[in-house]
Amino acid sequence: MGITISNISKSYGEITALSDISFDVKPGELFGLIGPDGAGKTTLFRILTTLLIADNGQATVAGYDVLNDYKSIRNSVGYMPGRFSLYQDLTVEENLNFFATIFGTTIEENYDLVKDIYVQIEPFKNRRAGKLSGGMKQKLALSCALIHKPKVLFLDEPTTGVDPVSRKEFWEMLKRLQKKGITILVSTPYMDEAALCDRIALIQDGNILEIDTPNAIVSHFPKPLYNISAHNMYNLIESLTNYEHTYSIFPFGEFVHYTDKRDPIDKASLKTYLEFQGLTDIKIEKTQPTIEDTFMELAK
Amino acid sequence: MKRFIGFVRKEFYHIFRDKRSLFILFGMPIAQILLFGFAITNEINNVDIAILDQANDVASKEIINKIAASKHFSIVDIIQQESSIESIFKKGKVKAVLQFENNFGNNLIKEKQANVQVLTDATDPNMASTISNYISSILKKYQQELNENISIDYQIIPQSRMVYNAELKSVYMFVPGVMTVILMLVSAMMTSISITREKEQGTMEILLVSPLKPFQVIIGKVFPYIFLSVINAVVIVLLSIFVFNVPVNGSLFLLGIESVLFIITSLALGILISTISATQQTAMMISLMGLMLPTILLSGFIFPISSMPLPLQVISNIIPAKWFIIIVKGIMLKGIGIGFVLKETLILLLMTLLFIGVSVKKYKIRLE
């Protein structure tokens, strides 16, 4: 009842959107597709939701072939496109009612499934969807995608443009939905959300870089990672870029994530070098790599 | 069925919440019919003319009185010499000058022939020829009255009579045309826009990934517009009957059936347009340029098809509006039954089936 993808390729004219992608999503799994804009996430979603036909390869969703059984898939999946795609001139309640009706069900019948989400927007049920805030819109869109009790849920960047609090709530909801046995494939450009998935696939330029659990992916990070900070961020990055032993640097909030070509690292000489470059308040500490670090490393 | 009703209800929400479309939908037909009925007219009423009566006798006086009595003309000036004709035209005071020769009455009785000159301002050629026709008919009538008691052998007097629109009321001609244009525009443009709107807003993506079948989406989309267009047709017919006194000589029922057929033809065209355009703007441009102009220019609404160059006459055959105008004129003005418009009806029916067939074939069940 999950998703299988084998050797899927898709190109738009000269541009390759997906090249030879294969992976499986197990039934009941919360699977994350992590990658920057233009990585091919939306194309993959559209192929799986039968909106596009792949140039090569096969895929099944909930046991149905995306090409031959497209009607069955359209009956049994929930899809939330990346762009807000509800009727802006219809109220919250009318939107939900409409999507329930076209799937041959009613709000009452599946209310328990959407209840957690819908109670939050219910106070605004007579407001036009176009006048809702970003987070509310996403909650409504999720309710609409869920109202027919889909077996598989496709969420294309559901939290893009949503405030941090709403994002957190949204992921808590996904966790609860997963417990109800729904397979969820979600894409996001936010690396911090990746850690909340059971497994993730890192995708860039139409290629899968790695597929594993978030913890395993982090543990694959090849080198010890250091947080370096100094009083002048710009100067620090400049100096590290020119340092002969630098393997990689990557600005990360108030720190620079740094790896060294040498193993083990010579902390003292690095500090001396930075001081020589006129930097003060230098701190060098070992730290745990994040998914973002892994992604940057793999994407090199 | 429940799904279909749900879909149609959603469409009505869209229509009634979009105040601008609603205004176009119902304001335009009323505005157009009133505009064409009152302002744009081929008739002449109270045209200002001047008289140069060099005869000044009984006969000329009688004719002048007849002209003055007609509602078509009002005599605003009596001039004395020929030289002032030009200046009066230049001032633009009058559209025509009627000049009686010297001894008009005498010549008429003795020579059996007298001359009267009708000078018209032909800067507006249609107006000029209409004026001279009207004046000629007044003169002819006077001539007939004179001859009534005198028998002249072998005289051929042509008697022309306008049938179906005896008073040459232009509104009779415009009503079928306006009705056609409105129905075409409302049906085709509104449906094509409402379908492309779903594409533009991205909601089509969700509708595709749902159990709704393509024909359910399409019929659900056009159904409200069939309903609204019928209301429009009724409003236009009522306005023409009660405001302009246009007669409906034929069966109202037949007129209704034919209108519904033409509405469906236009809706099918609208669906066709929506399958080839990606945005509402494109859909609107195609509807306006591709449908409005041919419907107005090539359907025989304003310009008679018989006086068009041959290539245009051939093209006019593929304009659905041409056939509908023939049908409406036939039913409203001539009062004919289905037997006489069978050919036109069948042509419309075939066109409709063709449009629907092509749109179903072109309707995309996926995004590309």
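## The sheet of chain A

In this predicted model, strands β1(A) and β2(A) pair in the antiparallel sense over 7 bridges; two strands count as paired if DSSP finds at least two bridges between them. A:Tyr12 has A:Ile15 as its bridge partner in β2(A). Both strands belong to an open sheet of 4 strands with antiparallel pairing, in the order β2-β1-β4-β5 (chain A). Its edges are β2 (15-25) and β5 (64-65) of chain A, each of which pairs on one side only. Strands (E, at least two residues) and helices (H or I, at least four) are DSSP runs numbered from the N terminus.

Helix α1 (residues 41-48) of chain A lies across β1, β2 and β4 (56-61) of chain A, and runs at about 120° to β1(A). Such angles, from 0 to 180 degrees, are taken between N-to-C directions of lines fitted to C-alpha atoms, for helices over the stretch in contact.

## The sheet of chain B

Chain B holds an open sheet of 4 strands in the order β2-β1-β3-β4, with mixed pairing. Because β2 (73-79) and β4 (116-120) of chain B stand at the edges with a single partner strand each, one side of each has no neighbour in the sheet. The twist from one strand to the next averages 25°.

Strand β3 (residues 96-100) of chain B is antiparallel to β4(B) and joined to it by 5 bridges; B:Leu98 is partnered there with B:Val118. Helix α6 (residues 125-147) of chain B packs on the sheet, touching β1 (47-53), β2, β3 and β4 of chain B, and its direction makes about 160° with that of β4(B).

## The interface

Contact (heavy atoms within 4.5 Å) links 32 residues of chain A with 27 residues of chain B. The two chains bury about 2,800 Å² between them, 58% of it on carbon and sulfur atoms; this is the accessible area (1.4 Å probe) lost on being put together, summed over both parts. In chain A, A:Arg74, A:Tyr87 and A:Ile102 lose the most area to chain B, together 22% of what that side buries.

There are 2 salt bridges between the chains, defined by a side-chain nitrogen of Lys or Arg within 4 Å of a carboxyl oxygen of Asp or Glu. A:Glu94 and B:Arg17 meet in a salt bridge through their side chains (2.7 Å, N to O).

## Basis of the values

Local features need pLDDT of at least 70 and side-chain atom pairs pLDDT 80 or more, whereas totals for chains, interfaces and linings use all residues. Residues are numbered from 1 along each chain as its sequence is written, chains are lettered from A and ligands numbered from 1 in the order written, and side-chain values use heavy atoms, without hydrogens and water.
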